[in-house]
Amino acid sequence: MADQADFKTDRGNGGETHQHVAKNADHETAEHLTTNQGIRISDNQNQLKSGERGPVLLEDFVLREKIFHFDHERIPERIVHARGSAAHGYFELYDSLSDITRADLFQRAGEKTPVFTRFSTVAGGAGSVDTPRDVRGFAVKFYTQEGNWDLVGNNIPVFFIQDAMKFPDLVHSVKMEADRGFPQAASAHDTFWDFISLMPESTHMIMWAMSDRTIPRTLRTMQGFGVHTFRLVNAKGQSTFVKFHWKPKQGLQSTLWDEAVKIAGADPDFQRRDLFEAIQAGDFPEWELGIQAFDQKFADSLPFDVLDPTKIIPEEMLPVRPIGRMVLDRWPDNFFAETEQVAYCPGNIVPGVDFTNDPLLQGRLFSYLDTQKSRLGTANFHQIPVNAPKCPVMNFQRDGQMQMLQPKGRANYEPNSLAQFGEIGGPRECPVEGFTSFRAAEPSEQGEKLRIRPESFADHYSQARLFFRSLDPAEQAHLASALVFELSKVEIAEIRTRMLGNLVNVDPDLAKRVAEGLNMPVPKANPTAAPVLDMDPSPALRIIGGALEFETLEGRKVGVLVADGSDAAEVNGVVKAVTKAGGKPMIIAPKIGGAKLSDGSLLPADGQLAGTPSVMVDAIAVVLSEDGCALLLKEAAALQFVMDAFGHLKGIGASDAAKPLLDKAGVEPDEGVTGLGADFVPAASKRHWAREPGVRLLA
């Protein structure tokens, strides 16, 4: 790449800026601006006109090409999962799984397989914010030696519907309402809850969707799931059912609803920026891939159907076995070329991995391939570099729009005998190593043609009850409050009543809390298609107090609020302690130029106070002098900074001189409010849930 110094800057006739290759430059090596045909451009600032103030000439091919390309730079966005962020990385296998699968990437311990992973919201458009209450897509493309395998899941292990026939209806209901074009990226409206209240099978998913799981703190701190039951098939043709789990090594962390709303206003790209900054800093996000592997006998023993995508197998019933780790260590070179053009398809599997008869999965196998062609404009989208396999690709598929390959010879069919006459004959099938589908022998998977839902799918409430009763009390309160918020946006009262009738089947106390929040009576329970079971709680489903709630500063930010006169030793002490604990101190000052400390040094700021509210960090330290505190007592942004940190249950450390600011912000003493000594880092490493009843009313 040419250095900026290689270019000369001049002013044109009308005062416009021209950066151009110098006349005396080496024109063989200099980077000349060209058209897409390679023709060097002499002027990139002005159209070709007839006279200085005359009409533009149609012959200006430079203008026409530039505008033509600009007019076609956007491609249709994804109908769902349009808003996404992605990164390159690798998957590393812990131990060989050759006993249960012949898949090449699972054979050799320690082997690394390249991956490209994309996270996304579901309902909003590409220009929506990062932090709505929404399911998150979690899609991983493995570039294996046997071809690409796409594990296309979500951060929730279940889904709203049991049959792909209902997918268009689900998406239509949650998208912007057809007659008014709003709300964007939100489920709190009539059409969604009308559909959900009429679809009892959605109840389990609604429990997850209204929980803290759908307002993750960052992309780095959420789980991922394959959702469906798949098969692994070994070299002997023996099948093992499997469910896939991604567990973040950074821990599981969510936001509070008020916090998520304020993040959206402060930084709509918060989660994308966080992922980018972590990778750029070398703090590579990591997830552990685990499996729940089981046979037909185990499946038959369960009180639900493993082919039902609205059901989980609790980890206490079948532990997750860790099999490898995924590390994301490289940001895409170009967002559009990779993150936007990547095409995931659940139908992309490799020998040793196979489908089950999950009716939602079966529908997805068609839908994804079809939508990628529509979005990317060609059946050759697999040739786009981010989609291209890293192993040899050989077949007789030819031509099509945007064909990038140049096959040799005339053999575009088989069988053929051309190789016998010295010509290129092309590749052939291989029964030994080629993909073969598992041959299921279960009688229940064969029969006459029917449009029917199996009776084993009829229990819509037992696992919804299991999920709610497994949560920490604080999480239960958040879930109930989320339901109150969403249903309060529903204008048709009958829809609210119908939904309350479904909630009675989940948990009568939950229905009562939501009804009280709506100031409505609790209706009778709606009829159920199957008895509702009381299953043992699953602590693995919790965030608060769960196995993945880590008390740590590693990979997290601490906002250090300073002003002119802040004690240099105190500031340096906080920065050192946070850094030692693996956190990232972020200096925040009234002005972006920084603050002059007590020793006369100027400390540059990472963020300006008015533009860097405390929702952007995980804990705060307020390091002020008496004069600095007196100044910030008159600054609303400073009061809100402290008030929000306290209201969002974050750790707060403060100098003695900063106490008046804390008092004015309504901060009350508790274990999460400390000085700047040794007790600050432990307090900053977690949320203080015991504080919540004193700062907000919950359902």
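Biologist: How much space lies in the largest pocket?

Modeller: In this predicted model, the largest pocket holds about 1300 Å³ of space.

Biologist: How many residues line the largest pocket, and which lie nearest its centre?

Modeller: The lining has 36 residues. Nearest the centre of the largest pocket are Glu146, Pro392, Val393, Met394 and Asn395.

Biologist: Which helix supplies the largest share of that lining?

Modeller: Helix H9 does, with 4 residues. H9 covers 359–376, and strand E6, at 147–154, also supplies at least two residues of the lining.

Biologist: How does the lining of the largest pocket divide into nonpolar, polar and charged?

Modeller: It divides into 19 nonpolar, 10 polar and 7 charged residues.

Biologist: Now the cavities. How many of 30 Å³ or more are there?

Modeller: The count is 6. In general, rolling a probe the size of a water molecule over the atoms shows where empty space is left.

Biologist: What is the volume of the largest cavity, and what lines it?

Modeller: The largest cavity has about 210 Å³ of space. Its lining is made of 19 residues, and Gln253, Glu549, Arg556, Arg687 and Trp689 are the ones nearest the centre.

Biologist: What about the second largest cavity?

Modeller: Its volume is about 70 Å³. The residues lining the second largest cavity include Pro157, Phe225, Lys243, Phe244, His245 and Lys311. Strand E9, residues 239–248, gives the most to this lining, with 3 residues. By class, the lining of the second largest cavity has 6 nonpolar, 3 polar and 2 charged residues.

Biologist: Change of topic: the backbone. Is the peptide bond from Phe182 to Pro183 cis or trans?

Modeller: The bond from Phe182 to Pro183 is cis, and its omega is near 5°. Pro183 sits in the loop between helix H2 (167–174) and helix H3 (190–197).

Biologist: What about the bond from Glu414 to Pro415?

Modeller: That bond is also cis, with omega near 10°. Pro415 belongs to the loop between H9 and helix H10, the latter at 462–470.

Biologist: Why point these out?

Modeller: Because most peptide bonds are trans, and most residues other than glycine have a negative phi.

Biologist: Then what is phi for Asn519?

Modeller: Phi of Asn519 is near 55°, a positive value in a residue other than glycine. Asn519 is in the loop between helix H13 (508–518) and strand E13 (557–561).

Biologist: Is Asn519 buried or exposed?

Modeller: Asn519 has a relative accessible area of 73%, so it counts as exposed, the cut-off being over 50%.

Biologist: And Leu649, buried or exposed?

Modeller: Leu649 counts as buried because its relative accessibility is 0%. Phi of Leu649 is positive too, near 70°. The place of Leu649 is the loop between helix H16 (636–647) and strand E19 (651–654).

Biologist: Back to H2. Which of its residues are buried?

Modeller: The buried residues of H2 are Leu170, Val171, Ser173 and Val174. They lie on the same side of H2, because they cover an arc of only 160° around the axis.

Biologist: Why would residues a few places apart point the same way?

Modeller: An α-helix has 3.6 residues a turn, so residues three or four places apart point the same way.

Biologist: What do the buried residues of H2 pack against?

Modeller: They pack against H3. The axes of H2 and H3 come within 7 Å, crossing at roughly 145°.

Biologist: Which residues meet there?

Modeller: From H2 there are Asp169, Leu170, Ser173 and Val174, and from H3 there are Thr191, Phe192 and Phe195. By class, this contact of H2 with H3 has 4 nonpolar, 2 polar and 1 charged residues.

Biologist: Last one: Lys664. Where is it?

Modeller: Lys664 is in helix H17, residues 659–664.

Biologist: Which residues is Lys664 in contact with, leaving aside neighbours within four places in sequence?

Modeller: Lys664 is in contact with Leu633 and Leu639. Lys664 and Leu633 are 31 residues apart in sequence, while their C-alpha atoms are 7.7 Å apart in space.

Notes:
Residues are numbered from 1 along each chain as its sequence is written. This is a predicted model: local features need pLDDT of at least 70, side-chain atom pairs count only at pLDDT 80 or more; totals for chains, interfaces and linings use all residues. Side-chain values use heavy atoms; hydrogens and water are left out. On a 1 Å grid over the protein atoms alone, a cavity is a set of points where a 1.4 Å probe fits but cannot get out, and a pocket is an open set with protein on both sides within 12 Å along at least five of seven lines; lining residues have an atom within 4 Å of a point. Grid points are joined across faces, edges and corners, and a volume is the space filled by probe spheres set on the points. Ala, Val, Leu, Ile, Met, Phe, Trp, Tyr, Cys and Pro count as nonpolar, Asp, Glu, Lys and Arg as charged, and the others, Gly among them, as polar. Buried means under 20% relative accessible area, exposed over 50%, partly exposed in between (1.4 Å probe, protein chains only). The arc is that of the directions from the helix axis to the C-beta atoms. Contact means heavy atoms within 4.5 Å. Axes are lines fitted to C-alpha atoms, for helices over the stretch in contact, and angles run from 0 to 180 degrees between N-to-C directions.
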